[in-house]
Structure formats: structure tokens, C-alpha cells
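Let's take a walk through this model together. Have the sequence and the 3D view open as you read.

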Amino acid sequence: ENTGLQSQPPPEEQNYGATAAHVRQGPFVSVSRTAPAKNKYLIAAVLCYANLINFMDWFIVPGILLDIQKYFKLSDGGTGLLQTVFILCYMLAAPIFGYLGDRYNRKIILGAGIFFWSSITLGSSFINELYYWIFFLLRGLVGIGTASYSTIAPTIIADLFEEGKRTTMLSIFYIFIPVGSGLGYVLAAGMADATGDWHWAFRVTPCMGGVALVLLILLVPHRIQRKTAAHRALSISGTIRVAAEKPGVHRTAKTTWCQDVISLAKNWSFVWSSLGLTAMAFVTGALGMWVPVFLYRAQVVQGIVPPCLHESCNSSNSLIFGGITIGTGILGVIAGAEAARRLRKINNKADPLICATSMFISALCLYIALMVAQTNILSTFIFIALGELFLSVNWAVVTDILLYVVTPRRQSTAIALQILVSHLLGDAGSPYLIGTISHAIQDKNAHSFQWSFWSMQYSFIVCSFIGVCGGAFFLLTSFYIEEDRKEAER
């Protein structure tokens, strides 16, 4: 057992997840798989709790965006850059942690990441308006800390559970993405309203992070062992033989990071599903950053709320949008996992087809929401909720696709690369792009509340177009998924 951040033995020919249902286990089974079921679920619960805090930290800023924008006197473009800095640091750090997660003790990496991002979040609550650049810098450092968690935690769940239960546990894990996101809005808006100072929104999650760190230390084993197949048993004509003894079967040689990347680049299911996830990230990043502001501007145009000029801004839209994000996230992830479970029995391409369909419907709902925003705010909320619901359908399904089309010894690297690509081309740029387009439209027209609304409305149309592209990428995934899954099993 590893006692520190030391290199693990090179992984050998491995088999779990998608192939587990087809192979009987020999006597040499991973410790994590033979542990009592109660312990495995307890470990998963700790990981889910930390994932909740992870995404709460992501969406504290959007929850009080109007206050931050006014406090630091930022334009729409500058405000969008705030989230872009966070995502850029997050995605650039992800491949590093993917490399470390495939080779070193994952518990230590997770603990260090939780401590780091919680400390930085607390520090960012003490920045005043003269040092906005420090606030930007600290948000970027928080992104580095969260990258360590998002990259490694799913692989631990994959090691703990077999295929059927793995899909269920991943679904539960990914439910905490929208739940944490929504609670981030609720926490930020609630603390700003209760204290009259938005800085207090950054002082709650660090305490929760401290609890997560203690639970990680006490309840999670020092080493979550990967399931190897160096001694796995194969059933051949009713006789159990060890794979290593079968002629022509050899242990998988240790590969370099570059070799892993080249292999993943040839895996078309991984490539197209990653591009589909990129489109999802683009849309969710833009919506998560700007929807409360868009709703506020629509309400000002309709005369529902007064303009926020001097006093603390009304946070009701953040609270409502946070509730929508939580509800649609839970329903969407559960619906996606259940649809995948049922449809896989009749169609081997069910997973990418579910993702494609949900992306097309989501894009349509978001477009309708934009078109009715100036005249009917209730309809806008309804169609935004439907758009988020169908986006959430894909979270667990996309990850499950990766886990059965990529061999186990490359999964941390694959997740890290998927994070890099999806954020680089997705939500790293979408908040800034939407803000920049909005700012450019405002500059070319008279400064008014009407044009402030229209500029945001026109810039948001980009999201509907990207959503349609995402659906097309998942359709392309369906053409290759059967072949790539068989290759991963081999």
C-alpha cells in the first residue's frame, strides 16, 4: 500500500466497467472491490459531498454578479473575463492532475486540492475595489484547486463499482454538479441579502471544505486500488485459466503520456463525445454566468423591477435560477441515467443518441426563451428551465461513454483531456464571448435599458447555434461507439 505521494506500479492489462459483465473474476481481485459494500458507499458519499462544494465555489460569482460588476466597475466584457480566468486555469491544470492521478496516490492529491481551493476562496473575500486584479488572480487559483478534484474523483468511483452500479453511482455523483451550481447561486444571493455585503458569500464554502477534508482523511482509504487483470480468469471451454497463461495474451506495457494521447486521438467515440461535451460546456458556461443578469435586464425593460444604480442589487433572479438549476439538474441526471439503462437493452448506440436528442431539444427551448423574454418573464423562466433540464440529461451519460470506450489505465488522462478541450473551446470563452458581443452592441447604439437588454439577447443566440452543433457531434459518436467499445474490451 502506498504511504505517500509515490509512484504506483505500472498498470497491467485491466478490465472493469463495460467489460466486467462478460468476465469472471479470479482470486486476485482489487481490494476496493472486495471491501464491504457499506464502505464503498461511504467513500462515494464523501466524494459526492466534496463535489457539491466544488461546484458551489464555481457559481458563487454568477450568483452575485451584479454586485461584483458594480463594486469593481466592470463592463460586460470585463465581467465575463472573470469566469474565463477561472476556467482557463482549471482546464490548464486538469492534464497535470490527470497525469498525476494515473501514477500517484489519489487521496493525497484530492486532499491537497480541497485545502488549496478552500483557502483561496476564503482569501478572495477580503479584496477591496482597488485591487480587482488580485480578485481575478485568486479566482484563477481556485480553478487550479478544483481541477485536481474533478479529474480524479470519477475514476475512484469507477474503481469501486461494477458496470450497473457504476452508472448509478456516477449519476448520483454528477447530480451534484447542478445541485452544487444551484446552491452556489442560492448561497451567494442569500448571504448578500442577509449581510448587505457580497464578500460574505465567499466565507461559507471554505468551512464546508474543511469538513470535507476531515471526512476524506478519516473515511477514505489511503489507497483506492485500481482493478487489475494481470491474474484475471477467463472461462475457456468451462475451464478457468489465468489470462497470463493463455498463449498470445501479454501484460500491457507501461506507456508514456504522449502515447496515451495519441491513442485517445484515434478513438473517435472519445473525440466526438468530447466535442459534444464541449458544446454543452459552452452553453452551460454562458447561461450560468449571464442568465440572472439577462433576466434582470428583461424585468427592467418590462418595468417589473427598478434599475440597480446605487443600492445593493436585487438577488431574486439568482435565487430563482439557482432553484431551477437544482431541480432540473436532479431530474435531468436521473432521467438520463434511467433512459440510458433502459435503451441500452435494445440499442447499443443508445447513449450518444440520448445525448444528441437532448441537445437539439435544449437548443430549441433556449431560443424560445430568448424570444419571449421581453414580453413574458414567466414563459422565459419555463423555457430556460426546460433547456437546462435537457442539458442535464447528458452529464452522467457522457462520462459513462468515456469509461467504456477508453481502457482503464488511460481513464484519468482521458478525463483530463476531455476537461481541457471542453473548457478551452467551451465555457472558458463563452462567458467572455457573450459579454464582449453584448458590450460591442451597446457601444454601437444609444445607452439605454432597452439596448442593454437587446445586446444580451442577441449575444445569447450564439448558444442555441452551439447547442445544435453539440447534437451533431453526439450523432457522429453513435457511428463509432460499438467498434470503440469492443476495442476497449480487447
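This is a predicted model: local features need pLDDT of at least 70, side-chain atom pairs count only at pLDDT 80 or more; totals for chains, interfaces and linings use all residues.

Residues are numbered from 1 along each chain as its sequence is written, and side-chain values use heavy atoms, leaving out hydrogens and water.

Start with helix 5, residues 76-103. Helices here are DSSP runs of H or I with at least four residues, numbered from the N terminus. Helix 5 has 28 residues and reaches 42 Å from its first C-alpha to its last, close to the 40 Å expected at 1.5 Å a residue; that expected span is 1.5 Å times one less than the number of residues. Look for a bend of about 30° at A94, with a proline, P95, following within four residues. The bend is the angle between axes fitted to the seven residues ending there and the seven starting there.

Now for the pairs. Two packed helices are described by the angle between their axes and the distance between the axes. Axes are lines fitted to C-alpha atoms over the stretch in contact, and angles run from 0 to 180 degrees between N-to-C directions.

Helix 6 (residues 106-123) packs against helix 9 (residues 205-219) at about 165°, with the axes 9 Å apart. The two are therefore roughly antiparallel, a label for angles over 145 degrees. Residues in the contact (heavy atoms within 4.5 Å) include L110 and I114 of helix 6 and L213 of helix 9.

Next, find helix 11 (residues 268-302) and helix 16 (residues 411-427), which pack at about 45° with axes 8 Å apart. Where do they meet? Among the residues involved are F270, L277 and F282 in helix 11, and L417 and V421 in helix 16.

Finally, helix 17 (residues 430-443) and helix 18 (residues 449-478) pack at about 140°, again with an axis separation of 8 Å. Helix 17 and helix 18 are therefore oblique to each other. The contact includes I434 and I437 of helix 17, along with W451 and F460 of helix 18.

Notes:
Angles under 35 degrees count as roughly parallel, over 145 as roughly antiparallel, 65 to 115 as roughly perpendicular and the rest as oblique.
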